[in-house]
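Work through the exercises below with the coordinates open. Try each task before you read its solution.

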Amino acid sequence: MRINRILRTKPFGHELEIKGWVRTRRDSKTVSFIEINDGSCLENLQVVIDPGIPGFDSVAREINTGCAVTVHGVARKSPARGQEMEVEASSIALTGGCDPAAYPLQKKRHSLEFLRTISHLRPRSNVIGAVTRIRSRLSFAVHRFFHERGFCQVHTPVITANDCEGAGEIFRVAAADGGDFFGRPAGLTVSGQLEAEAYALALGRVYTFGPTFRAENSHTSRHLAEFWMIEPEMAFCDLEEDIDLAEEFLKYLILYAFDNCSADLALFSRFVDKGLEKRLRRVLEHDFARITYTEAVELLQKSGRSFEFPAEWGMGLQSEHERHLCEEVFNAPVVVTGYPADIKPFYMRRNDDGKTVAAMDVLFPGIGEIAGGSQREERPERLEAVMRERGMDPAAYQWYLDLRRFGSAPHAGFGVGFERLLLFVTGMKNVRDVIPFPRTPGHI
RNA sequence: UCCCGGGUAGCUCAGUCGGUAGAGCAGGUGGCUGUUAACCACCCUGUCGGGGGUUCGAGUCCCUCCCCGGGAGCCA
């Protein structure tokens with residue numbers, strides 16, 4: 001039986017089989033204690049070994065931190081403090097030994113930077129194990145959220161010829177002989193949005209959730225060359241409804257973590273970020289503030305704060321500006337809408353003022369931009385005009401223009417970086433620690 | 001790519017004025033105890049990131065390259 005179930009069902013008096021990895025061992029003359037973790041939960045199970053049991057001399061001596069073991073025994077109430085239950089071993093077998101002098105993981109805590117250097121072993125640490133379980137459960141919750149609301153998941157291509165202008169540098173795909181994609185240039189996707197639009201304008205409500213690639217030479221705690229992005233896209237939907245969905249979605253995931261990952265979450269509150277649960281609750285309990293870009297610039301200019309880059313209409317909001325807005329002005333998530341058209345991608349819907357577009361960014365305290373989206377330009381002549389203005393060849397995007405030519409409809413969507421979401425939920429500070437094998441410049 | 005801060009034992013770090021390196025933890029051995037990141041004693045561990053320079057002498061000063069972390073930009 002796995003340890004999470006044993007701890008939940010408390011099968012006192014029952015014979016159990018436990019398979020897992022030894023975290024610590026403490027010896028006494030008359031009895032040995034080993035703590036086993038099997039990855040099913042954060043908690044370890046204490047196994048008590050009497051030196052008289054079969055195989056003790058040949059096996060138990062070699063058991064120490066890192067070993068894989070199989071234990072048979074009976075669940076008992078623990079007479080000592082520290083745990084309610086323990087397992088009295090009747091037999092123990094060493095499944096895989098582990099040389100303690102060579103094993104990099106110790107019983108004590110390690111720095112996250114060190115754990116990054118042993119990415120194949122770090123899932124055996126408490127923190128990375130907890131991150132991994134939360135990542136998995138929230139991934140499931142993403143699918144559940146959309147399926148409960150009638151969305152259809154679309155598997156958009158990883159290899160694509162779209163560069164989704166404005167979404168960053170692309171990795172080129174090449175065959176082993178150095179050629180390109182069978183004679184045509186191709187790259188790894190930077191966003192599934194354009195393809196998702198095609199399916200939204202057929203199935204109504206769709207979403208993508210998959211890996212995304214950016215070739216930018218970014219060295220920050222918030223960027224990866226390979227990351228996972230969630231992108232819903234809805235037909236017959238305007239920007240307001242888009243924002244409503246984003247807010248509902250983000251709150252849903254946080255609530256899901258509270259309801260389903262409480263033990264792991266408690267670890268983060270205790271060791272990673274003391275203010276975590278309070279901050280998560282604050283997001284759940286408050287409506288997201290909604291302001292326009294123009295209002296944001298005015299707020300920043302009136303704030304009396306001196307920024308390294310003063311806020312100015314027409315310029316993008318700097319990280320320091322985003323921080324000021326959601327950490328000091330509103331102390332809550334902030335949604336900024338109506339950005340200048342010139343600093344946003346071609347596909348966003350032009351507002352009636354002619355200068356701004358129906359874009360929105362969701363800013364979270366401590367994280368910055370966690371989601372970005374827009375209502376898309378559904379008017380074919382407007383879309384084509386913008387493409388020409390920007391020197392894009394409409395012929396290359398004929399399929400995308402066709403979506404407007406044949407049965408066009410207002411539609412909108414947004415993208416959420418899954419790792420940034422995990423930073424917020426776990427209180428971790430670096431996206432490299434919330435993805436199993438992080439891909440960053442110089443690291444593969 | 002730019003700006004900071006780092007690189008010393010397996011890990012986390014200290015190292016004064018330039019005088020050939022130290023602690024805690026881990027590991028080993030022994031002891032003790034229904035133990036809780038157990039405890040006590042002893043022992044082991046170093047191309048001081050690489051290269052060059054200054055100097056009688058460099059972990060320490062200078063130059064250079066590499067790597068790591070934080071921030072910025074870009075973005076999710």
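## Exercise 1: an aromatic pair

At 0% relative accessibility, phenylalanine 145 counts as buried. The model is a predicted one.

**Task.** Which geometry does the pair of phenylalanine 145 and phenylalanine 146 have, and which parts does the pair of phenylalanine 145 and phenylalanine 249 tie together?

**Solution.** 

Step 1. A pair of aromatic rings is described by the distance of the centres and the angle of the planes.

Step 2. Take the whole structure: a search finds 18 aromatic pairs. For phenylalanine 145 and phenylalanine 146, the ring centres are 5.1 Å apart and the planes meet at 85°. Planes over 60 degrees apart count as edge-to-face, so this pair is edge-to-face.

Step 3. Phenylalanine 145 and phenylalanine 249 also form an edge-to-face pair, with 5.1 Å centre to centre and 65° between the planes. Phenylalanine 145 belongs to helix α4 (residues 126-148), and phenylalanine 249 to helix α6 (residues 239-260). The pair therefore ties together parts 104 residues apart in sequence.

Step 4. Check burial. Phenylalanine 249 has 0% relative accessibility, so it counts as buried. Phenylalanine 146 is buried, as is phenylalanine 145.

Step 5. Widen the view. One aromatic cluster is formed by Phe145, Phe146, Phe151, Tyr207, Phe249, Tyr252 and Phe414.

## Exercise 2: cysteines

**Solution.** 

Step 1. The search of the whole structure finds zero disulfides.

Step 2. Apply the cut-off: the two sulfur atoms must lie within 2.5 Å. For cysteine 152, the closest cysteine sulfur is that of cysteine 237, 17 Å away, which is too far for a bond.

Step 3. Compare the surroundings. Cysteine 152 is partly exposed, at a relative accessible area of 33%. Cysteine 261 is buried, at 3%.

## Exercise 3: the surface near the RNA

**Task.** Which residues are closest to RNA strand B, and which side chains make the polar contacts listed in the solution?

**Solution.** 

Step 1. RNA strand B is surrounded by 49 residues, the closest being Arg81, Glu86, Gln318, Arg420 and His443.

Step 2. Sort the residues by class. The surface near RNA strand B holds 12 nonpolar, 20 polar and 17 charged residues.

- The side chain of glutamine 46 has an N or O atom 2.7 Å from a base oxygen of RNA strand B.
- In the side chain of serine 218, an N or O atom is 3.3 Å from a base oxygen of RNA strand B.

Step 3. Assign elements. Those giving two or more residues to this surface are β1 (15-27), β2, β3 (45-49), α3 (112-116), β10 (226-235) and β14 (368-375).

Step 4. Look into β2. Phenylalanine 33 lies in this strand, residues 32-37. Its relative accessibility is 25%, so it counts as partly exposed. Leaving out residues up to four places away in sequence, phenylalanine 33 touches Thr24, Arg25, Arg26, Gln46, Val47 and Val48. The C-alpha atoms of phenylalanine 33 and glutamate 86 are 9.7 Å apart, and 53 residues separate the two along the chain.

## Exercise 4: positive phi

**Task.** Where do lysine 10 and phenylalanine 182 lie, and are they buried or exposed?

**Solution.** 

Step 1. Most residues other than glycine have a negative phi.

Step 2. Lysine 10 has a positive phi, near 45°. Lysine 10 sits in the loop between α1 (3-9) and β1. Lysine 10 is partly exposed, at 34% relative accessibility.

Step 3. Phenylalanine 182 has a positive phi as well, near 50°. Phenylalanine 182 is in the loop between β7 (159-160) and β8 (187-188). Its relative accessible area is 77%, so phenylalanine 182 is exposed.

## Exercise 5: the whole chain

**Task.** How many helices and strands does chain A have, and what does its C-alpha trace span?

**Solution.** 

Step 1. Chain A has 13 helices and 15 strands.

Step 2. The C-alpha trace spans about 85 × 60 × 40 Å along its principal axes.

Step 3. Of the 444 residues in chain A, 50% are buried.

Step 4. Take contacts in chain A between residues at least 6 apart in sequence: 67% of them join residues at least 24 apart.

How values were computed:
Residues numbered from 1 in each chain as written. Chains lettered and ligands numbered in written order. Predicted model: local features only at pLDDT ≥ 70, side-chain atom pairs only at ≥ 80, totals over all residues. Heavy atoms only, no water. Buried < 20%, exposed > 50% of the residue type's maximum accessible area, 1.4 Å probe, protein only. Helix = DSSP H or I, 4+ residues; strand = E, 2+ residues; numbered from the N terminus. Contact = heavy atoms within 4.5 Å. Near = heavy atom within 4 Å. Polar contact = N/O pair within 3.5 Å; in protein donor to acceptor, adjacent residues only side chain to side chain. Nonpolar A, V, L, I, M, F, W, Y, C, P; charged D, E, K, R; others polar. Phe/Tyr/Trp six-rings, centres within 6.5 Å; stacked < 30°, edge-to-face > 60°.
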